[in-house]
Amino acid sequence: MSVFEASGPDAESVEVARRSYLAYVDKDRTAMERLIAEDFHFTSPLDNRIDRKSYFERCWPNSRWIAEFEFIGLVPDNDRVYVTYVGRSDVGRRFQNTEVLTVRCGKIVEAEVYFGWSLPHPAPPGGFVKSTPQV
């Protein structure tokens, strides 16, 4: 596991990021609410900068099936933490994503999620998945 070891303010941001993922694994909404700023916004391929209330309504229910996060990288850069992880569901399904968390004053104010792929990858090594282009 190549996780960046930070110090100073970077260490605090990395720790906030780690605790947010642990809240999902522990199904601890109270912990997550303490980590998310009131002016928080969330963006993913399915969500366009939704607010805190919408995030908890739409995204938090996914915590019920999250079993584990294995961090591939936690890299701080100013007020951002770049997080790449392999997640595992309660039925063993694995997936890899990268997220960019903006942390200010010990709270996450912005999250951008970039969906990765399922593991094992559906394409053969050196190959690809055939798909129909969307117009």
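## Fold and element order

Read from the N terminus, the elements of the protein follow the order α-α-β-β-α-β-β-β-β. The structure shown is a predicted model. In total, the protein contains 3 helices and 6 strands.

## Overall dimensions

Along the principal axes, the C-alpha atoms occupy a box of roughly 45 × 35 × 30 Å.

## Burial, contacts and surface

Of the 135 residues in the protein, 39% are buried. Among the contacts with a separation of 6 or more, 46% are made by residues 24 or more positions apart.

The accessible surface of the protein amounts to about 8,300 Å². Carbon and sulfur atoms account for 52% of that surface.

## Charged side chains

The protein carries 17 positive and 20 negative side chains. The centres of these two sets are 6 Å apart.

## Cysteines

A disulfide is a covalent bond linking the sulfur atoms of two cysteines. For a pair to count as a disulfide, the cysteine sulfur atoms must lie within 2.5 Å. By this rule, the count is 0 disulfides.

Conventions. Residues numbered from 1 in each chain as written. Predicted model: local features only at pLDDT ≥ 70, side-chain atom pairs only at ≥ 80, totals over all residues. Heavy atoms only, no water. Helix = DSSP H or I, 4+ residues; strand = E, 2+ residues; numbered from the N terminus. Buried < 20%, exposed > 50% of the residue type's maximum accessible area, 1.4 Å probe, protein only. Contact = heavy atoms within 4.5 Å. Areas by Shrake-Rupley, 256 points an atom, 1.4 Å probe, with all protein chains shown as cover. Lys, Arg positive; Asp, Glu negative; His and termini not counted. Charge placed at Lys NZ, Arg CZ, Asp CG, Glu CD.
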